[in-house]
Amino acid sequence: MAKKIEDMAKFAKFCKDMGFIYQSSEIYGGINGFWDYGPLGVELKRNIKEAWWQDMVRNPPPGPDGQEIRMVGLDCAIIMNPKVWVASGHVGGFSDPMVDCLKCKRRFRADKVHFACATVDNVPHAVSVEADNATDAEPLLKDKIAKLDKKKHPAGRALKSAPQLEFHAATALPAPWPRPCPADDCDGTLTEPRSFNLMFESHAGPIASDENKVYLRPETAQGIFANYRNVLDSSRLKLPFGIAQVGKAFRNEINPRNFTFRSREFEQMEIEFFCHPAESRKWYEYWRELRKNWYSTLGIKSDNLVPREQGQEELAHYSVGTTDIEYMFPFSDEPQELEGVAHRGAFDLTAHAKHSGKDLSYFDEEGWNNLLQSRLTPFKDDKNRQPDEIKLREDEKKKLELEEKPKFQFVPHVIEPSAGADRFTLAVLCEAYTEEDVPDAKGKTEKRTVMKFHPRLAPVKAAIFPLVNRDGMDEAARALYRELKAHFNVVYDQSGAIGRRYRRQDEAGTPFCITIDGDTIKDGTVTIRDRDTLKQERIPKGEVRARIEALLRPEV
Ligand code: GAP
């Protein structure tokens with residue numbers, strides 16, 4: 001029976017030992033919320049970003065009516081004019097309510113601190129814990145109360161004897177309840193919730209003054225909106241079309257956690273798809289479906305993927321509707337966001353037009369010309385026209401220009417599929433990780449850890465082994481290695497027993513192991529072993545490249 005991840009700490013250690021992910025600056029004790037990708041991790045993440053770019057930008061599938069989709073890319077600076085972040089609402093609103101402990105100085109997200117309260121002998125008492133939501137908090141609070149030392153803890157006796165408890169989150173804790181710190185080793189008191197902006201700040205230029213203040217972008221999206229006019233003018237695109245960008249984003253997350261899931265520096269893969277307002281619902285549904293299916297084509301099992309339409313109360317200030325594509329990560333009992341597909345309406349272009357003073361509306365020239373042509377057709381338009389016929393046509397044209405033309409000028413709506421490259425990398429690692437029993441060369445059962453990556457994403461596509469390092473096998477293996485490495489990321493491994501070499505490649509998730517043996521020298525065939533089925537096949541050496549290529553083709 002195959003086993004998946006049960007212990008995230010063990011899994012993180014495996015990722016480190018294999019060279020997938022390391023803690024950033026580990027030799028100095030690390031830094032919370034920052035991660036580095038090792039030799040295998042960097043290949044995996046590159047493959048993810050390249051698959052996204054290939055499937056979404058260079059070769060997107062047809063649109064909802066079978067039409068070709070127009071997509072272009074962009075690569076913007078991380079630091080932009082700070083006015084961008086005023087217009088987008090990030091300066092004013094990109095914040096979490098936080099509470100600080102006045103004694104231990106720890107800081108907590110107010111919506112993650114929960115209290116159990118009771119009044120005994122007219123004195124209000126409370127305890128608190130950190131939890132994701134009220135449902136998770138209640139048993140933790142009851143457990144904490146049960147463990148309170150009645151003598152030492154002032155609230156202990158009162159809360160234990162209270163006939164009924166009230167439960168509140170720190171975001172809405174009414175007076176007169178006290179606000180004890182949730183940390184087990186602290187008896188301090190929390191402040192009222194205060195806003196804490198998540199943008200990292202810096203200064204452009206040598207003087208650290210307010211005028212020079214800049215922000216590290218918290219999302220790649222705003223670079224796209226700020227360049228919308230440039231792209232339109234330089235590429236002659238017509239609606240509908242999408243602009244895509246992959247790049248770093250930075251958020252000073254209060255509580256980075258769950259390995260790389262919530263980091264302070266991460267990469268996004270974002271699309272802003274601009275369309276006519278009357279068609280935005282159709283495109284929203286199209287992208288929702290397309291993006292969910294994309295994950296399945298890369299090996300994420302559909303029962304681990306859950307699209308969830310956000311409730312009205314959850315929607316970001318810009319969003320008319322958002323669907324989160326969630327994944328069942330092993331560190332949580334509930335699916336967690338992998339990507340958000342948001343219907344942003346005309347919010348962003350309207351805001352940037354207002355703050356920059358630039359016209360970011362779109363004129364549908366084709367639609368207008370079609371209307372003009374169809375409405376003017378009944379009017380005579382040839383050399384022999386009489387003055388009254390000319391006037392009739394001109395009057396109709398003026399009327400249309402006055403009444404109809406403005407309808408072709410509008411601010412496009414935007415559908416935004418916004419994915420996290422690091423989050424998807426984590427999901428791919430979690431999905432691939434498998435511990436299973438397999439027969440060894442002698443038929444005895446042994447345990448193996450295998451990363452069952454989709455071949456497109458696998459960091460290494462094939463490993464080439466000489467069975468032994470003599471009799472021409474090593475030269476033949478090196479020659480094949482040299483030929484293949486011009487096309488794929490492949491490795492050459494000549495050390496250790498062949499079974500050990502297979503296991504090493506299983507842990508790296510390499511789909512194929514190719515062995516050069518005595519028969520290769522005689523008849524030019526090699527054995528090719530499949531990582532998942534363990535089946536070995538003998539094929540001509542010259543077919544190896546095509547065999548690998550076939551597996552790397554995107555699903556259509
Ligand atoms: N432009 C819209 C936007 O940025 P978001 O839901 O805040 O929306 C989009 O972020 C995606 O970026 C998320 O679905 C997630 O995959 C990734 N992401 C956001 N915050 C992250 C963090 N702290 N660490 C890792 N990935 C993150």
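Colleague: Which backbone does a nitrogen atom of the ligand come up against?

Modeller: That would be Phe 261: one of its polar backbone atoms is 3.2 Å from a ligand nitrogen. Keep in mind that this is a predicted model.

Colleague: Good to know. What about Glu 270, how far is its side chain from a nitrogen atom of the ligand?

Modeller: An N or O atom in the Glu 270 side chain lies 2.6 Å from a ligand nitrogen.

Colleague: How many residues surround the ligand?

Modeller: There are 21 of them, and the closest are Glu 219, Arg 251, Glu 270, Glu 337 and Leu 338.

Colleague: What does that shell look like by class?

Modeller: It has 10 charged residues, six nonpolar ones and five polar ones.

Colleague: Which strand gives the most to the shell?

Modeller: S16, with five residues. Strands S13 (265–275), S16 (336–345) and S19 (413–420) each supply at least two residues of the shell.

Colleague: Switching topic: in what order do the strands run in the open sheet of three?

Modeller: The order is S5-S4-S9, and the pairing is antiparallel. Strand S5 (107–109) and strand S9 (194–197) each have a single partner strand, so one side of each is left without a neighbour in the sheet. From one strand to the next, the twist averages 50 degrees.

Colleague: How many bridges join S4 to S5?

Modeller: Three, with S4 (residues 95–100) and S5 running antiparallel. Asp 100 stands opposite Arg 107 in S5.

Colleague: Remind me, what holds paired strands together in general?

Modeller: Strands of a sheet pair through backbone hydrogen bonds, in a parallel or an antiparallel way.

Colleague: Last one: over how many bridges do S20 and S21 pair?

Modeller: Seven, in the antiparallel sense, between S20 (residues 433–439) and S21 (residues 445–451). If you want a pair to look at, Val 438 stands opposite Glu 446 in S21.

Colleague: And which residue takes a positive phi in that hairpin?

Modeller: Gly 443, with a phi near 85 degrees. The hairpin has five residues between the strands S20 and S21.

Notes. Residues are numbered from 1 along each chain as its sequence is written. This is a predicted model: local features need pLDDT of at least 70, side-chain atom pairs count only at pLDDT 80 or more; totals for chains, interfaces and linings use all residues. Side-chain values use heavy atoms; hydrogens and water are left out. A residue is near a molecule or strand if one of its heavy atoms lies within 4 Å of it. A polar contact is a pair of N or O atoms within 3.5 Å; within protein, one must be able to donate a hydrogen and the other to accept it, and residues adjacent in sequence count only if both atoms are side-chain atoms. Helices (H or I, at least four residues) and strands (E, at least two) are DSSP runs, numbered from the N terminus. Ala, Val, Leu, Ile, Met, Phe, Trp, Tyr, Cys and Pro count as nonpolar, Asp, Glu, Lys and Arg as charged, and the others, Gly among them, as polar. Two strands pair if DSSP finds at least two bridges between them. Axes are lines fitted to C-alpha atoms, for helices over the stretch in contact, and angles run from 0 to 180 degrees between N-to-C directions.
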